[in-house]
Amino acid sequence: MMTDAIKLVHAHPELAIFVAIVLGFLLGRVHIKGIGLGTVVGTLIAGLVLGILFTPEIPDLLKWAFFDLFLFAIGYSTGPQFFAGLKKEALPQIGLALVVSISGLVTALAVAWVFKFDPGTAAGVASGGLTQSAALGTALATIAELPVDAATKALWSSHVPLADAVTYVFGDIGVILFVVAAAPLLLRINVRDAALALEDELAGDGHGPNSKLAYQRFGYRALRLERPEFDGHTVNEFESAFAEARLYVERIRRGDRFIDDVNVGTRLQTGDVLAIGAWRAVLVDADTRIGPEIDDHALLAFPIKEAQVVVTRGNIAGRRIGDLAVEYGRGVFLTRITRGQLDLPLGPGTMPQRGDVLHVVGSLANIERVARHTGFIDTDPSRFALPFLALGLTVGILLGLVSFRIGAVPIGLGTSCAILLVGLITGWARSRYPLFGGIPDSATRILQDVGLTVFIAIVGLTAGPHAVAVLHERGISYFLTIFAAGAIVTMVPQLLGFYVGAKLFKMPVPVLLGGLAGAQTATPALNALKEAGGNNVFVLGFTVPYAINNVLLTLWGTVIVTVVYSWGR
């Protein structure tokens, strides 16, 4: 039976890939007290086991094609945040990211020196300990270019996923435990209290005109104006009286006539029927403050659109949403703010950056007016420009071929790093200058998930047979040593980042904790923080370090292999 299964897998090695992904997903779904392996590590482990059992032969071309797709998608999706974060007001978060990434690199090299790891093991310890699977890929790509014999390349390449699998689990768990439990204990604070305090700060003092911007649902009503104090007043004066509810007048029925071109200078008359949009708080007692509600279908028969407005204007980025709403937001309601694939806190104190997406509702004319001041409307967010993706990959591959040598060591970006760089630049350029086709968030998420998961499955399948040989040759103590080294690589950057962020930069606690999770690209830790804190304020600290270190930690795979290899020469 087993012999037949092996023959089947050898004839159709794609079966092993898909089975590894299915088993990896099931392994990743297993959680103990909220902590699990995750799909990537689960797939790697499943691939290793299946590789031991079936030894399938899978072309390297397939592995690298999927990894290239993953790298470009990572660069494209983080490009806007990467470059938007490189500004003075983000210096604490930039500093935190650099402290964590550089200390992670130094620590990984130090344990490699102490334990005398080969380049593959050293890179695997770094990728797992710092929870950056992309570094596994860049390390493998660099090993493939080293001037050593094929057997040595195969040996070192097999050590990368083994070390990654041994260290990655604690990499995730260690960061989660540190940011959710250890760091708050050191600061003597409660995570939920700190999160709610920052949320209240972002929401304003509760008395200003913007205090209800984020927390009230909106609606449209037809009301007959009967309050005499508004007779003869302009729309601007009328709307100013209800500024706390973001009220505006969309249309007016005056007798049998409709007034569609309402502007802030239009004068109102007693008896006018007003089509009003507002947060529902003011609509509850609108009959006493304005006049009775009228069931006027014709007046309310105007089209309302939902749109995604991408922030590109420099005079908008970095300003409070509450201030922007007063200045530019008449006639639209903000329902979400997203940065990459994450939702930002929807409070007046939140500051959007270039590349952020404002999800708004209102009439087309009002949305277009808002977009003229803030950026552009993404008219077809689901459109996938496939030629644009192919062109980006082509440029990245060609750029990666450019290299020179220092002695026997090749120096250059390499294909993987070049593709990541091209993705970063094109993602940023698309957010600033929307003159060419783009890739929607949903597509980049699919490219990232599929690209990385298939790549990891193939890595596990090809490395599996070597795992048994390593275990027989070096014993369980070798894996215990790798685990200990990975734990050191995980915790040292967290401790240093915590000290610098808290003592030197004096970052708000939720921003610091989110930044520590982002600096180690640990999305599970962010999810744990959101669950512990009860809101999304941790995202404010997460995005900039995540974007920066998604790049730096990926590059460390190449750096570590190159440096450790040079020690042995």
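Which residues in α8 meet which residues in α19? I began with this contact, keeping in mind that the model is predicted.

**Entry 1, helices α8 and α19.** I looked up the contact and found that Val175, Phe178, Val179, Ala183, Pro184 and Leu187 in α8 meet Val509, Leu512, Leu513, Leu516 and Ala517 in α19. Sorted by class, the contact of α8 with α19 holds eleven nonpolar residues, no polar and no charged ones. I then checked the geometry: the axes of α8 (residues 150-187) and α19 (residues 509-519) come within 10 Å and cross at roughly 150 degrees. Angles over 145 degrees count as roughly antiparallel, and α8 and α19 are therefore roughly antiparallel to each other. I also noted that α8 passes α19 in a right-handed crossing.

**Entry 2, strand β7.** I followed β7 (residues 305-311) to β10 (residues 357-362), and found the two strands antiparallel and joined by six bridges. With β11 (residues 375-377), β7 pairs in the antiparallel sense over three bridges. I looked up valine 309 in both pairings: it stands opposite leucine 358 in β10, while in β11 its bridge partner is isoleucine 377.

I asked how many of the eight residues of β8 (residues 332-339) are buried. Six of them are, so β8 is largely enclosed by the rest of the structure. Turning to its pairings, I found β8 running antiparallel to β10 with six bridges between them, and phenylalanine 333 standing opposite valine 361 in β10. β8 is also joined to β9 (residues 342-343) by two bridges, again in an antiparallel arrangement, with arginine 339 opposite leucine 342 in β9.

How values were computed:
Residues numbered from 1 in each chain as written. Predicted model: local features only at pLDDT ≥ 70, side-chain atom pairs only at ≥ 80, totals over all residues. Heavy atoms only, no water. Pairing = 2+ DSSP bridges. Helix = DSSP H or I, 4+ residues; strand = E, 2+ residues; numbered from the N terminus. Axes fitted to C-alpha atoms, helices over the stretch in contact; angles between N-to-C directions. Parallel < 35°, antiparallel > 145°, perpendicular 65-115°, else oblique. Left-handed = near helix turned anticlockwise from the far one by under 90°. Contact = heavy atoms within 4.5 Å. Nonpolar A, V, L, I, M, F, W, Y, C, P; charged D, E, K, R; others polar. Buried < 20%, exposed > 50% of the residue type's maximum accessible area, 1.4 Å probe, protein only.
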